[in-house]
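Please read this briefing alongside the sequence and the 3D model. It covers a sheet, salt bridges and a surface patch.

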Amino acid sequence: MTTSIGAANAAIVKDPNLQISRSFNGLKAASNSLLLAKRPQVSRVSSSAAATGSFIRAVSTIPLSCKSAVSEIIKEHSNFIRYPLNEELLTDAPNINEAATQLIKFHGSYQQYNRDERGGRSYSFMLRTKNPCGKVSNKLYLVMDDLADQFGIGTLRLTTRQTFQLHGVLKKDLKTVMSSIINSMGSTLGACGDLNRNVLAPAAPFHQKDYLFAQKTAENIAALLTPQSGFYYDMWVDGERVMSAEPPEVVEARNDNSHGTNFPDSPEPIYGTQFLPRKFKIAVAVPTDNSVDVFTNDIGVVVVSDADGEPQGFNLYVGGGMGRTHRLESTFPRLAEPLGYVPKEDILYAVKAIVVTQRENGRRDDRKYSRMKYLLSSWGIEKFRSVVEQYYGKKFESCRDLPEWEFKSYLGWHEQGDGALFCGLHVDNGRIKGTMKKTLREQPRYVDPLNVTAMACPALPLCPLAIAEAERGIPDILKRVRAVFEKVGLKYNESVVIRITGCPNGCARPYMAELGLVGDGPNSYQIWLGGTPNQTSLAKTFKDKVKIQDFEKVLEPLFYHWKRKRLSKESFGDFTNRVGHEKLLELVDKWEGIPLAPTRYNLKLFADKETYESVDNLARLQDKSAHELAMEIIRNYVASHQNGKIE
C-alpha cells in the first residue's frame with residue numbers, strides 16, 4: 001500500500017487527512033477521506049533598495065539583535081539544529097529543555113503532555129511524517145501502524161497536509177521510532193519547524209498528464225527545499241543517510257546562485273543557520289481541483305496546460321495563511337493572491353526566489369507576524385513581485401485564465417484512466433483506529449508479492465498423511481522470508497514462488513516452486529530449489545532435514561548472493577540453476593552472516609543531464625540505482641589505481 005494513496009489495486013486516502021492506495025498514492029489535504037487506488041550574513045533589503053533594483057546577495061547569516069525572537073537565537077547557536085537537542089536526548093529526564101523543544105520541531109516532532117491529567121506532567125512526543133503528494137509506501141504504512149501499537153497510543157492521525165502523525169512516543173523510544181521510519185524509506189525531516197513543510201498535490205491517482213505533472217512537481221519542490229546539512233540523520237541514525245538519486249534539475253536549481261539566493265559554502269545553501277522566520281507551506285494544484293486548498297498556502301502552484309492537455313507552466317499565488325490570535329486584529333487569515341506565470345522549466349527557480357524573499361525580509365522579532373502573508377500585507381503585491389524578480393532573474397508573465405475551482409472529495413469508486421480503479425474512503429477526522437485501522441492494515445498485507453504466488457496444502461491437523469505443518473505454518477514462514485529479504489536488501493516488490501506441503505505427496509506442487517518446502521518430519525523440511533516463476537521447470541532437492549528454526553541459516557546466504565550476483569532480471573530460480581547446487585551448498589556451509597558494511601562517508605555526485613540519464617539507463621539493466629552504479633564505478637577505479645593497474 002502506498003498512501004497518495006493510489007496505484008493499481010491501491011488504497012488512497014483523501015483527508016485533510018489522508019489518501020491511501022495499494023500503493024498509497026496520496027493523502028488528501030482538505031477532507032476526511034482516504035483514497036484507495038486499485039492498481040552566513042544576509043544583507044537586509046530596504047524599501048529604497050528594492051525600489052531601485054539594487055542587487056541582493058545572501059552572505060552569511062542574519063545579524064542577531066536584542067529584538068530578535070528567542071527562537072532565532074536558539075537556531076543561530078544550534079550548529080544547524082543539533083545543539084542542545086543532541087545532549088538533551090541523552091538525559092534520563094522524560095522531557096527536554098526549551099531550546100531542544102524548539103529544535104526538535106525541525107526533526108518532525110513536538111513535545112507534548114496530557115492536559116487532562118492533574119498533578120504532574122506525563123511527557124511524550126508527537127511525530128509527523130513528511131510525504132510529498134501524500135504518497136506512502138506499503139512498507140512504511142505498516143511500520144507506522146506497528147509503531148503506533150508498540151510505542152504510541154495505538155492510533156494514527158492523518159493530517160490536512162497529507163501526512164501521518166504518531167502520538168504518545170516516550171523520549172526513551174524516540175530514536176528507535178525515528179530510525180524505524182527512516183530505515184523504511186520514510187522521513188519526518190521538516191514536517192515541523194521554520195522551513196518548508198510537506199508539499200501538497202492532488203492525491204487522486206488519475207492517469208492524466210496534469211495530475212501526474214502536479215505530483216512530480218510537488219516532489220521536486222519538496223526535494224529542492226529539503227535541509228542539506230545532515231542534522232536529521234546525525235541525530236537519529238548516527239549519520240547514515242538513506243541515499244536516493246535526486247533529479248538533476250533539482251540539484252541544479254538548488255546550487256544555482258546566479259542571482260544571489262544562496263549562502264556560499266554553507267551546509268544549508270538556501271536556509272543558512274537560521275532557516276526561515278516561520279513555517280512555510282506550498283501546494284500544487286490542477287485547474288478545477290482545489291482539494292489541496294491552494295489559496296491557504298504561502299505559495300500556490302497551479303498547472304497550466306495547452307489545448308491538448310500538455311502542461312506548459314504554472315500560475316503562482318502567494319501570501320496565503322490561516323493563523324491568527326484572538327482579540328488581536330493585527331493578526332488575520334489571508335488568501336494567496338496572483339503573482340504571475342512561469343514556464344514549467346523555471347518553476348524551481350521561481351519557488352526558490354519566493355522562499356529567499358521571505359527568508360531575507362520576513363519578520364524575525366515577533367513570531368505572530370513572521371508568516372509571509374504579513375510581508376505581502378505590508379509591502380503589497382507589486383513591491384513583493386519586484387523583489388522576487390531580482391532573485392528569480394526574470395519578469396513574471398501575467399497569470400493565465402483558469403476555469404472555476406471545485407472541491408472534489410473522490411469518495412467512492414473512480415476510474416483512473418489507465419484501466420484501473422481507485423476508491424476514496426471516509427476517515428472520521430483523520431483518526432485511524434479500531435475497525436478502520438484493521439481494515440487498512442489488512443489491505444496492504446494482502447498484496448505482499450510473496451503472498452500472491454505462495455501456496456500450501458491443508459496438512460495438519462486434518463490430513464492423515466501430513467508429518468509437518470503447511471497451511472497453518474506458511475503465514476509465519478512468509479513473514480520470516482520477508483524479514484530476510486529486508487535484511488539482505490531485496491526490494492519489497494521482489495518475490496520468489498514459495499510452496500509448502502506437509503508430506504512428499506506434493507498437493508501444493510512444491511516441486512515447481514523456486515523455493516519448495518516439503519515436510520520430512522516434525523518441524524523438519526526438505527528444501528527444493530530451481531523452479532521458475534512461469535512454472536516451466538522442475539525444482540531439485542537442495543537439503544534434507546532442515547529444522548524450521550534453522551531456515552534463516554539457509555535462506556539468508558541464498559538470498560544475499562542472489563541479490564548481489566544475479567544477472568539482469570534473473571529470477572531466484574534461474575539464479576540457483578545457473579550457479580548450481582554444489583556451489584550454493586558451499587556458500588551456505590561457509591556463511592558467517594552478512595558482511596559488515598564499511599564506514600560510509602557522504603559523497604555527493606553531480607552530473608549533467610545526459611550523463612545522469614546514461615548512468616541511470618545502465619544501472620537499470622543491472623537492477624541498480626544510478627547512485628549505486630556510480631559508487632561501484634568509483635570504487636573499481638580507485639582500486640585499480642591502488643593495485644597499480646592504471647598508470
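The points below are grouped by topic.

This is a predicted model, in which local features need pLDDT of at least 70, side-chain atom pairs count only at pLDDT 80 or more, and totals for chains, interfaces and linings use all residues. Residues are numbered from 1 along each chain as its sequence is written, and side-chain values use heavy atoms, with hydrogens and water left out.

**Sheet and packed helices**

- Five strands form an open sheet in the order 5-6-8-7-15, with antiparallel pairing; strands (E, at least two residues) and helices (H or I, at least four residues) are DSSP runs numbered from the N terminus, and two strands pair if DSSP finds at least two bridges between them.
- Strand 5 (109-113) and strand 15 (431-432) are the edge strands, each pairing on one side only.
- Strand 7 (residues 156-158) and strand 15 run antiparallel and are joined by two bridges; Arg-157 stands opposite Arg-431 in strand 15.
- Helix 5 (residues 138-151) packs on the sheet and touches strand 7, strand 8 (164-169) and strand 15, where contact means heavy atoms within 4.5 Å.
- The direction of helix 5 makes about 20° with that of strand 8; axes are lines fitted to C-alpha atoms, for helices over the stretch in contact, and angles run from 0 to 180 degrees between N-to-C directions.
- Helix 6 (residues 174-183) lies across strand 5, strand 6 (123-128) and strand 8, at about 10° to strand 6.

**Salt bridges**

- The count is 30 salt bridges, each defined as a side-chain nitrogen of Lys or Arg within 4 Å of a carboxyl oxygen of Asp or Glu.
- Lys-394 and Asp-346 form a salt bridge with the closest N and O atoms 2.7 Å apart. The pair links distant parts of the chain, 48 residues apart: Lys-394 is in the loop between helix 12 (381-392) and strand 13 (412-415), and Asp-346 in the loop between strand 12 (337-343) and helix 10 (347-361).
- Asp-346 is buried at 8% relative accessibility, while Lys-394 is partly exposed at 42%; buried means under 20% relative accessible area, exposed over 50%, and partly exposed in between (1.4 Å probe, protein chains only).
- Glu-552 forms a salt bridge with Arg-480, the closest N and O atoms being 2.7 Å apart. This pair joins helix 16 (residues 551-565), which holds Glu-552, to helix 15 (residues 474-488), which holds Arg-480, across 72 residues.
- Glu-246 and Arg-254 meet through their side chains at 2.9 Å, N to O; Arg-254 is buried at 3%, and Glu-246 is partly exposed at 27%.
- A network of salt bridges links Glu-72, Lys-75, Asp-194, Arg-364 and Arg-367.
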